[in-house]
Amino acid sequence: MLEPETERPVVVRTRALTRKFGAFTAVDALDLDVHEGEIFGFLGANGAGKTTTIKILCGLLLPTSGTGTVAGFDVLTRSEDIKRSIGYMSQRFSLYDDLSVRENLEFYAGLYGIGSRRLARRLDELVPRLQLAEHLDKLTASIPMGWKQRVALAAATVHDPAIVFLDEPTGGVDPVSRRAFWGLIDELARSGKTVFVTTHYMDEAEYCHRISVMNAGRIIALGSPADLKAQAGLETIQELFLALVRRDERPGAGPQGGTSR
Amino acid sequence: MIQRLWAVLRKEFAHILRDPRTLLVVLAMPLAQLLLMANAVSLDVHSTPIAVVDLDHSPASRAFIRELSSSFFRMTEAPRTTVHLDRLFRGGAIDGIVVIPQHFERDLVSRPAVPVQVLVDGSDANTATLVTGFVNAVAERFSLRGAPGSGPPIALTTRLLYNPEGNTLFFIVPGLAGLILTLVSTLLTSLALVREKESGTLEQILVSPLSPLEIILGKVGPYFVLALADGLLILAAAVTLYQLPIRGSLPLLLVLMLPFVLAYLALGLLISSGVATQTAAVLVSLGGTMLPNLILSNLIFPIASMPRPLQLASLIVPGRYFLDIIRGVVIKGVGISDLIPQTVFLCAFSAVMLVISIKSFRERLG
Amino acid sequence: MTAPRKGLLALVAMIRKEFRQLRRNPTNLRFMLVMPVVQVLMMGFAMTMQVRHVPTLLVDLDQSAVSRNVLAEFRNGPLFDIQGTAYSLDRLRSEFDSGRVALAVVLPDHFERDLRRHRTPRVQLVLDGVNGNEAEIAAGYASAILAAAVAPYGHPGGLHRVTVAPRAAFNPNLHSRYYYIPGMVTLAVMFLTVAMAAMSIVRERERGTYDQLMVTPLPRSAFILGKLIPFAILALVAQTLALTMAVLVFQIPIRGSLWLFFFFTLIFQLSSLGLGLVMSAASQTQQQAMFLAWFFLVVVMMLSGFFAPIDNAPRIIEWISRADPMRYYIAASREILIKGSGLAVLWPEAVILLGFGVVLLTAGTLLVQKRSG
Ligand SMILES: Nc1ncnc2c1ncn2[C@@H]1O[C@H](COP(=O)(O)OP(=O)(O)OP(=O)(O)O)[C@@H](O)[C@H]1O
Ligand SMILES: [Mg+2]
């Protein structure tokens, strides 16, 4: 990489972003900056608020208060513009089981206004990269989980978005497929895309350029995996994660690690 | 066993209570339907507007008109000629026109038969059939009184048992109650189960140590209760709103409602084990229950007048037997001894359905 | 690329996807196409108010030659199904209670003697009154048979009877089919399209694909049109199929313009799809959507004048029924197919239907949010 990520333009920015469900605060005054070309890992226990944050950034949910911009567009007012610049892979597998892989891709391409010629070019690129050729004409319901996730990634990136949000893309996927999948994420970042990814696998966190650890709606740590481990004097992200969450849940403990510098 | 069954039952009830919208739909909508349908499906000839054209203006013709109006129809202003009578139908203001010919009185004495013309709007063939039938009945009664100057050969009295006024609501309302019960039972169960199938939670329950019977009882039980509650509500509404007399034993009716509701719950179960999606469940439930119950149950249309194949098909429609039961108990006030064939059929049908559905349930998923 | 072109591409993609899903599920598709046909055929044969085969008990308390002859007249023709002859009144009530008979013709003691001496024997017709209409009509038939049978025993000169010569405008043979089938065809198709349309959006929600759609720039209008157009096309195909069957099997004369009929079908579909859309947007689960759909469909059907003329209903019901788009459609389709009326007569219905369609579709569109939760 030619320049440190922090000097590249910020493509996702939130300030005091908050989302409440009734009296419950799912996302609590979140401040985040994600830079172009970055693989940004989003860690946190179940219910920490990761999916909620991503949904706000994708324009699916409105924040209760605070601000956020994605690709320069305000999440409050410009969600339709945001949608043109991002790809989203939801936590739940959400392609059409009763369509073939190709039909799913054709469908999503159509939604982004990609005509058949451009789609053909795009498929020429995507299919070999994701090794989907042998499954292309099978019913999506019938292919193994690992491939389903690839198809979902292909659908989320079929329009070549600048920013990709991946919500637990490797849930329920075997280690070999997971490794391969992260290879794809890395390629995306190399080609200049920003990848915003959540995961519960601590080994995957090591592949990220920067990670943030969330607990109860707040960010309790943020930085590169190496820096964070060094700060805490711990060997693995796993240990780091456990220590952070434990410390945060002690009564009276404030947020740790702060926001980005 | 009881404890495990209770767990399933409680979960199912929790589902239902957690979803007040569905609950509201299930309880309130049948009532609303009953209200709207009983009033809208008015087969009541007493309020059918009829015009009479009297071209004779004799005592005999007036006597005939009196007979007409005292018996049935709502009489309206009559034009004085027969030209352009068809026009009266155009606005839909009138359903029939009776024309009494000139020399009606004179011909009654001198001729064996005097035709009275009835004009009806054939595009509404049912009302037309009813009106013609009724005018015919009036004419026959008038004839049997004998012509002026000659006594009648016989004196005919007509007695309507159970419903001397011929109130059509007595016929329609119990039928609707049966129809609504059917739909609630079948749709509710089939959707409830297929939803669990779609979301994968059914497998979770199936791997538990519950036996298929327990699962089914647990899943079907709450809907059974709901459907019965619906049945009671509808009956209560019918009694208060339409003065439907419950002449027979209410407990008997409720007891006989059990196999009927059970039959359709089992049918819903069978449907849900055979289909994979809620959409399919709805299609099959509507096609498999709504249609036969609407048509082949004596709800509105007499089975006896239908072609043979349909009559045979109606023999396996539980709704048909249940309508016998509900009309029998509510309107006729008969007891179980008059309803044995119907009861036997319903019990047998529901038992067979339950066995088949439990079996297919086990095969497909167990 | 321009925005409208992108929107169009998105719409085409939606429509294609819906069709592919329909095709992937041939059982549902077949059901949707075949069910209306079956329904129309069944109803066409079944829906008649004609009273026939009335289960009848002959009660002969006289047991004379004349009484036997008179009662024998009831055995002719399809009107009465004779269940037997009784010679006393003992078991009469129980025969009615069990539903075995619906009519009893009771000839009294000394029937023959009284008849011959012009002493006016009292003949009784006892009927099961639960279905009042059927009872009255059956009584009419029975009276006619009795009147004819006793005529020879009347005063010299015979009995003078008033007979009824019915004439039905537009439908001389009083086939109830003519009345029902245009409505039936629509109803069958509408049931399916509304139910399916109502469930289709909720289904995406239940399966999690809704959010995935909502993060794309797919315009809301394209989403809704893409959902509805396939059902509209399917409905038209199903309707054509069912109508063709009905016309062939029941030989229904089509007096008016078929094109006009299709035009009305199309504008009516706007309302029914709009209704489906509103229900879909208002529901969280398919179950809810289904119940809403079922409820409204039954109400819409009952208030439409499909089963019985709505003009005879109580004033308030008649008023409510004016908010029922199907009412206008049924009226128009009957006018077109049976009476051969044209747009000159039917333009008010067309305007009202269009109005309903626009209002319902707008309401549905406003209810569909491009956000989750
Ligand atoms: N629509 C909603 N209504 C009410 N509460 C909600 C809603 N959506 C999410 N929540 C709550 O907000 C909190 C955060 O949820 P979120 O899905 O963002 O967590 P997460 O970090 O993605 O967890 P996981 O790792 O399980 O995916 C949870 O406690 C959840 O129950
Ligand atoms: Mg999540």
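At roughly what angle do the axes of helix 5 of chain A and helix 6 of chain A cross? The views below start with that pair, and everything shown comes from a predicted model, in which local features need pLDDT of at least 70, side-chain atom pairs count only at pLDDT 80 or more, and totals for chains, interfaces and linings use all residues. Residues are numbered from 1 along each chain as its sequence is written, chains are lettered from A and ligands numbered from 1 in the order written, and side-chain values use heavy atoms, leaving out hydrogens and water.

**View 1. Helix 5 of chain A with helix 6 of chain A.** Here's the answer: the axes of helix 5 (residues 145-157) and helix 6 (residues 175-190) cross at roughly 15 degrees and come within 10 Å. Axes are lines fitted to C-alpha atoms, for helices over the stretch in contact, and angles run from 0 to 180 degrees between N-to-C directions. That's why the two helices of chain A count as roughly parallel (angles under 35 degrees; over 145 is roughly antiparallel, 65 to 115 roughly perpendicular, and the rest oblique). Look for A:Gly146, A:Gln149, A:Arg150, A:Leu153 and A:Thr157 of helix 5 in contact (heavy atoms within 4.5 Å) with A:Ser177, A:Ala180, A:Phe181, A:Leu184 and A:Leu188 of helix 6. Sorted by type, these contact residues are five nonpolar, four polar and one charged.

**View 2. Helix 1 of chain B with helix 9 of chain B.** This time the axes of helix 1 (residues 2-18) and helix 9 (residues 212-242) come within 8 Å, crossing at roughly 40 degrees. So helix 1 and helix 9 of chain B are oblique to each other. Among the residues making the contact are B:Leu5, B:Leu9 and B:Phe13 of helix 1, along with B:Ile215, B:Pro222 and B:Val225 of helix 9.

**View 3. C:Ile229 in helix 9 of chain C.** Find C:Ile229 in helix 9, which spans residues 220-250. With 28% relative accessibility, C:Ile229 counts as partly exposed (buried is under 20% relative accessible area, exposed over 50%, and partly exposed in between, using a 1.4 Å probe and protein chains only). C:Glu18 is 211 residues away from C:Ile229 in sequence, yet their C-alpha atoms are 9.2 Å apart in space.

View 4. Zoom out and chain C shows 14 helices and five strands (DSSP runs, with helices being H or I of at least four residues and strands E of at least two, numbered from the N terminus). Of its 373 residues, 61% count as buried.

Note on methods. Ala, Val, Leu, Ile, Met, Phe, Trp, Tyr, Cys and Pro count as nonpolar, Asp, Glu, Lys and Arg as charged, and the others, Gly among them, as polar.
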